[in-house]
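Please keep the sequence and the structure in view while reading.

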Amino acid sequence: MKISAVDIFVLSTPLDTPFAFSQGWVQRRSATLVRVTTDDGLTGWGEAFAQGLEPPEIAAAVIEHALKPLLIGRNPLDISVLWQSMYTQSRDYGRKGSVISAISAVDTALWDISGHFYQQPVYQLLGGAHRTSVKPYATGFYRLEGQNESARLSEEAIQHRDAGFSAMKIKLGFGVADDIAVMEAINKALDDPAIELMVDSNHAYGRSEALKLGRALEQYNLRWYEEPVVPEDIEGYAELRRKLDVPIAGGENEHTAYGFNQLFRQDALDIAQPDIGSCGGITAARDIIALAQSNGVAVNPHVWGSAIAQAASLQLIAALPVPNHSLYAQQPILEYDRSSHPFRQQLITAPWAMQGGMIHIPDGPGLGIEVRMDTVAQYQVNA
Ligand code: MG
């Protein structure tokens with residue numbers, strides 16, 4: 001079996017209502033999708049993570065010009081061999097960012113093909129499922145105005161709760177005083193210690209402001225405090241871990257086992273959050289999990305992409321061991337972005353549905369999804 005085609009689909013559409021996270025206004029939702037086809041007629045899909053401000057064309061260009069020539073004619077089941085080929089051949093200009101996101105998309109597609117070839121879900125190829133369903137957490141609380149939105153955001157918390165979510169992540173990073181007002185309002189509105197809360201400032205602050213915010217957050221029994229400082233400031237992460245009684249999370253802007261190794265060596269994280277669409281795919285995520293496990297760090301994947309990225313995340317979560325075994329060990333949770341995304345759910349024939357507060361992990365071959373080409377065509381901008 002040989003790879004006969006690598007097709008790239010850049011999807012992008014403007015949002016009716018732009019929203020802000022701490023780094024800027026998100027005007028469009030985009031995705032870089034890849035479909036790998038074999039001479040046997042098998043296909044696999046993958047997705048490169050397109051951050052809110054990231055043009056999807058960058059990863060698309062990497063796939064087209066740098067990776068595709070390495071893939072055509074090769075055996076798609078040689079996943080690790082092809083990963084090494086893509087990584088080493090792009091090392092001198094890659095290692096981070098959109099180049100690794102491009103590799104991530106291809107790698108995911110190869111795992112999908114393998115699943116179809118062996119007629120097994122990806123989690124089975126990874127060694128089996130530790131769980132068959134996962135609790136989703138609502139990611140939301142983006143800003144429509146900017147500051148002074150605590151009243152609207154506390155209403156949003158109630159909406160997530162009423163929709164069945166028992167965990168939610170609040171976007172902060174709009175000024176420490178504004179952040180504290182938002183947290184007070186949400187906590188008061190929910191008034192339920194059984195609802196798990198997390199916060200994410202998207203590295204809005206330097207160490208002193210991040211520490212000030214962290215100290216104000218300690219009272220909320222947060223599951224984690226995400227990206228408190230910029231990803232380059234690994235020592236800042238470590239300092240906050242030492243000083244705060246809140247688990248520190250990060251990693252959506254880190255890449256491969258090489259990158260995560262630096263975080264682990266400097267005791268920067270309690271919880272590592274590789275995104276399959278940018279960490280180097282399922283192959284790299286598997287290495288990162290082993291490395292995290294051996295350094296006493298938990299892993300909870302990050303995902304903000306479309307249904308293909310979510311499907312990959314679900315497969316990885318199925319195969320993810322708990323960091324510390326016990327009868328009542330804390331289980332990983334699935335990031336479930338609730339912000340506006342015109343094509344995320346329409347991209348697959350059987351969109352996820354929450355049942356009893358949980359999402360069932362697909363057990364069909366590969367990623368367990370079927371991509372709707374009519375939706376791809378509707379939003380494709382590189383045809
Ligand atoms: Mg984040």
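Glu-227, Pro-231, Tyr-237, Gly-250, Gly-251, Asn-253, Glu-254 and Leu-263 form the lining of the second largest cavity in this structure. The model is a predicted one.

- The volume of the second largest cavity is about 50 Å³.
- Its lining is made up of three nonpolar, three polar and two charged residues.

**The largest cavity**

- Four cavities of 30 Å³ or more are found when the whole structure is searched.
- The largest cavity holds about 110 Å³ of space.
- Its lining consists of Phe-21, Phe-49, Gln-51, Gly-52, Tyr-142, Lys-171, Asn-202, Glu-252, His-302 and Trp-304.
- By residue class, the lining of the largest cavity comprises four nonpolar, four polar and two charged residues.

- The domain assignment divides the chain into domain 1 (3-119 + 372-379) and domain 2 (124-360).
- In the contact between them, domain 1 takes part with 45 residues and domain 2 with 51 residues.
- The centres of the two domains, taken over C-alpha atoms, are separated by 23 Å.

**The interface between the domains**

- The size of an interface is often expressed as the accessible area that is lost when the parts come together.
- Between them, domain 1 and domain 2 bury about 3700 Å², and 64% of this area is on carbon and sulfur atoms.
- Which three residues supply more than any other three of the area that domain 1 buries against domain 2? They are Arg-29, Phe-49 and Trp-111, which supply 21% of that area.
- Phe-49, one of these three residues, is also among the residues that line the largest cavity.

**Polar and charged links**

- Two salt bridges are counted between domain 1 and domain 2.
- A salt bridge joins the side chains of Arg-29 and Asp-337, with an N to O distance of 3.2 Å.
- Arg-29 is also one of the three residues named above for the area that domain 1 buries against domain 2.
- There are 22 residue pairs in polar contact between the two domains, counted where both residues are at pLDDT 80 or more.

Key: Residues numbered from 1 in each chain as written. Predicted model: local features only at pLDDT ≥ 70, side-chain atom pairs only at ≥ 80, totals over all residues. Heavy atoms only, no water. 1 Å grid on protein atoms, 1.4 Å probe; cavity = no way out; pocket = protein on both sides within 12 Å on 5 of 7 lines; lining within 4 Å. Points joined across faces, edges and corners; volume = space filled by probe spheres on them. Nonpolar A, V, L, I, M, F, W, Y, C, P; charged D, E, K, R; others polar. Domains from an automatic or database assignment. Contact = heavy atoms within 4.5 Å. Buried area = accessible area lost by both parts, 1.4 Å probe. Salt bridge = Lys/Arg side-chain N within 4 Å of Asp/Glu carboxyl O. Polar contact = N/O pair within 3.5 Å; in protein donor to acceptor, adjacent residues only side chain to side chain.
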